[in-house]
Amino acid sequence: MSFTRVHEKGILLLVRVTPNASKISVTTENSDHLCVRLTAPPAEGQANKQLLKVIAKRLGVAPSRISMIRGLSSREKTLLVEDVTELEAISKLRAP
């Protein structure tokens, strides 16, 4: 399995978030989901906002091209990223 799925509008990213981390990191250590450590707390959607910014920067797209379609109040989330291919996303997210 992979942390990506093809969608008619782009790709879906399966993400597991760890808020309140000491530093921001994105890893693909588990092939079932993308592991993202965030410094923001989960309160008031701060971690969700930071997640969208981190993924957008890593993929080189505007944050407005990413939407959270599942997991708004959960650690496991599904993001829809528009205008990015699956291979492009995988290579950019696995890069150091």
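Visitor: Why is Ile 11 called buried?

Guide: Ile 11 has 1% relative accessibility, and buried means under 20% relative accessible area, with exposed over 50% and partly exposed in between (1.4 Å probe, protein chains only). Ile 11 therefore counts as buried. This is a predicted model, in which local features need pLDDT of at least 70, side-chain atom pairs count only at pLDDT 80 or more, and totals for chains, interfaces and linings use all residues. Residues are numbered from 1 along each chain as its sequence is written, and side-chain values use heavy atoms, without hydrogens and water.

Visitor: Which residues is Ile 11 in contact with, leaving aside its neighbours within four places in sequence?

Guide: Contact means heavy atoms within 4.5 Å. The partners of Ile 11 beyond those neighbours include Leu 79, Leu 80, Val 81 and Ala 89.

Visitor: What makes H1 roughly perpendicular to H2?

Guide: The axes of H1 and H2 cross at roughly 105° and come within 9 Å. Axes are lines fitted to C-alpha atoms, for helices over the stretch in contact, and angles run from 0 to 180 degrees between N-to-C directions. Under 35 degrees counts as roughly parallel, over 145 as roughly antiparallel, 65 to 115 as roughly perpendicular and the rest as oblique, so H1 is roughly perpendicular to H2. Helices (H or I, at least four residues) and strands (E, at least two) are DSSP runs, numbered from the N terminus.

Visitor: Which residues of H1 and H2 meet?

Guide: Ile 55, Arg 58 and Leu 59 of H1 meet Ala 89, Lys 92 and Leu 93 of H2.
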